[in-house]
Every structure is written in structure tokens, then in C-alpha cells.
Amino acid sequence: MSAAVMSRTARERWWWFLWGLLTVLALGIAGYFVPPYLVGGTTVPDLDRTTPGYYTSLVLHAVPAGIALVTGPWQFIPRLRTRFPRLHRITGRVYLVSVVVASLVAVYSSAVTKSGFPLQVAFFVLIAAWLYTAAKAYRAIRRREVQLHRIWMVRNYALTFAAVTLRLYQLPLLVLMNSVTWLEYKDVYTVSAWLSLLGNVLVAEYFIIQRTLAPLARREPVQAQAPVPVRA
Ligand code: HEM
């Protein structure tokens with residue numbers, strides 16, 4: 001087996017490992033945090049139940065957001081896309097509608113949350129970026145610009161996945177909260193939200209550069225043609 005083929009196999013294995021990890025985390029987080037909202041419950045300690053409509057907004061946000069989280073990963077499998085294009089289209093529509101509903105409802109949750117202004121800013125940035133990248137991805141595919149559609153979908157799912165990384169960052173910070181007396185749950189939530197937003201955006205851009213832009217940039221530049229002399 002040639003070195004080139006081996007490195008391709010290694011790359012594919014690495015891709016499947018990362019995809020598997022991402023999918024397990026997405027299913028795990030959606031499976032743990034969303035179902036309580038289907039039966040009037042929550043996993044959040046001392047959740048605010050007094051602000052009118054706040055709990056309902058969490059239900060109407062968490063359910064479609066959970067659907068987006070669990071449907072997203074399958075859309076990135078090349079073989080599924082090419083063998084079942086209709087399934088890809090239907091799942092893609094379900095995903096995008098879920099993102100739009102979840103983000104619009106989150107406008108209300110973000111406006112009334114008692115978790116503080118810095119967290120509200122993070123949520124509003126996330127909402128705007130979530131809607132913008134979804135609109136760009138949809139527009140690109142309507143124009144049959146497949147590569148561009150893929151790039152915007154990677155960006156969009158990176159934002160959806162913020163729901164996972166946010167909860168992962170919270171774990172060590174919650175442990176730290178036990179020993180650092182001035183640290184409050186609000187601070188842990190805010191730091192995790194900003195870290196997940198910025199971290200996921202950086203990882204997505206790195207991925208896009210490595211997989212899509214770098215191979216294009218490595219291609220031979222088109223030979224510049226000698227200018228045709230203009231006669232007076
Ligand atoms: C990336 C875009 C997202 C934004 C802007 C967003 C925004 C919000 C906001 C504002 C809240 C209320 C927080 C508070 O009042 O302190 C919330 C809660 C929640 N979100 Fe999201 N969210 C996003 C993605 C997701 C995803 C993909 C899921 C899927 C699991 C999800 C699941 C939840 C759940 C379950 C809650 C209730 C709090 C809890 O039980 O942890 N969110 N979200």
C-alpha cells in the first residue's frame with residue numbers, strides 16, 4: 001500500500017472518530033437535557049418559574065433545538081447524502097426549521113433570563129449567528145452552490161453544538177465553584193457560554209480551511225496571460 005493511500009485511510013479513520021465522538025456527545029446532551037421539558041420538569045436547580053412564559057419558552061426552544069442537535073451529524077456523511085438525496089433534503093428542512101423556531105423562541109428566553117447581561121449578550125450573538133448561517137446555507141443550496149452550502153452548514157452546526165460544549169465547560173467550572181467562594185453559578189454559565197461560542201467558531205473555521213480551502217489554495221495558480229499590445 002502506498003504512503004498516499006495509507007495517509008488517506010488514516011485521515012478517514014480520524015474523520016470517523018471525530019464524527020462518532022461528536023454524534024455521541026450530541027445524542028447524550030439532547031437525551032439528558034431535553035426530555036425533562038416534555039413532562040414539565042427540568043435539570044436546572046432552582047429554575048425561575050415565576051417569570052410569565054419563561055418556562056414555556058424553554059420548552060418551545062429546547063425541543064426543536066434538540067431535534068437540530070440530533071439530526072445535524074447525519075447530514076455530514078457523504079455516502080448518506082449521495083445514496084439518499086431525498087432523505088438528505090427532508091432532514092435538512094427539518095433541521096433548518098428547528099433552528100429557526102429554536103432561535104426565535106430563544107429571543108424571549110434571553111430577554112427575560114435572570115442570568116445577567118454578559119450572558120444575554122452571548123445568547124443574542126449566538127441567535128443572530130445561528131439564523132444568519134442557516135439563511136446563508138439555505139440560499140447557497142437553492143442556488144445549487146454545493147460547496148458553499150457545506151461550508152455554511154459546518155458553521156451553523158458548530159453553533160448548534162455550542163449546547164454541548166457549553167455543558168462540557170461547565171463541568172470543571174462547577175467543581176471549581178466548590179472551592180472558590182466568590183464564584184457563582186451565573187459566572188460559570190456566562191464563561192461557559194462565551195467559551196463555547198468562540199471555541200466552536202474557531203474550530204469550525206479551522207476545519208473549513210483544512211478540508212475545503214487548503215486543497216483549493218494548493219492548486220497551481222492559473223498562468224497569467226501576456227497582455228495583448230494595444231495599437232494606437
Ligand atoms: C446555539 C444556539 C442556542 C441559543 C442561542 C440558545 C439559547 C438559550 C437560552 C437563551 C436559554 C435560556 C437560558 C437562561 O435563561 O439562562 C436556553 C436554554 C436551554 N437550551 Fe438553548 N440555545 C441554543 C442551542 C441549544 C441546543 C442546540 C439545545 C439542544 C440540546 C439547547 C437546549 C437548551 C435547554 C435544554 C435549555 C434549558 C436549560 C437547561 O435545561 O439546561 N439549546 N438556550
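At what angle do H7 and helix H8 (residues 185-218) pack, and how far apart are their axes? This tour of a predicted model begins with that pair.

**First stop: H7 and H8**

Select residues 162-179, which form helix H7, and then residues 185-218, which form helix H8. The two helices pack at an angle of about 140°, and their axes are 8 Å apart. Because an angle over 145 degrees would be needed to count as roughly antiparallel, H7 is classed as oblique to H8. The crossing of H7 with H8 is right-handed.

Next, display the side chains at the contact. On H7, select Ala162, Thr165, Leu166, Tyr169, Gln170, Leu173, Leu174 and Met177. On H8, the partners are Val188, Val191, Ser192, Ala193, Leu195, Ser196, Leu197, Gly199 and Asn200. Coloured by type, the residues of this contact comprise 11 nonpolar and 6 polar, with no charged residue.

**Second stop: H5 and H8**

The axes of H5 and H8 come within 9 Å and cross at roughly 25°. Angles under 35 degrees count as roughly parallel, and H5 and H8 are therefore described in that way. H5 passes H8 in a left-handed crossing.

To view this contact, select Pro118, Leu119, Ala122, Phe123, Val125 and Leu126 in H5. They meet Tyr189, Thr190, Ala193, Trp194 and Leu197 in H8. The residues here divide into 10 nonpolar and 1 polar, and none is charged.

Now centre the view on the ligand. How many residues surround the ligand, and which are the closest? There are 28, and the closest are Ala62, Ala65, Thr113, Leu126 and Ala163. Leu126 was also part of the contact of H5 with H8.

H2 gives the most, with 7 residues. By type, the shell holds 18 nonpolar and 10 polar residues, and no charged ones.

**Last stop: the annotated spans**

An unreviewed UniProt entry lists several stretches as "transmembrane region", among them residues 54-74 and 94-111. Select residues 54-74: this stretch is 86% helix and 0% strand, and its end C-alpha atoms are 32 Å apart. Then select residues 94-111, which are 100% helix and 0% strand. The end C-alpha atoms of this second span lie 26 Å apart.

Conventions
Residues numbered from 1 in each chain as written. Predicted model: local features only at pLDDT ≥ 70, side-chain atom pairs only at ≥ 80, totals over all residues. Near = placed C-beta within 6 Å. Helix = DSSP H or I, 4+ residues; strand = E, 2+ residues; numbered from the N terminus. Nonpolar A, V, L, I, M, F, W, Y, C, P; charged D, E, K, R; others polar. UniProt positions renumbered as here; feature names shortened; annotations may be inferred. Axes fitted to C-alpha atoms, helices over the stretch in contact; angles between N-to-C directions. Parallel < 35°, antiparallel > 145°, perpendicular 65-115°, else oblique. Left-handed = near helix turned anticlockwise from the far one by under 90°. Contact = placed C-beta atoms within 7 Å.
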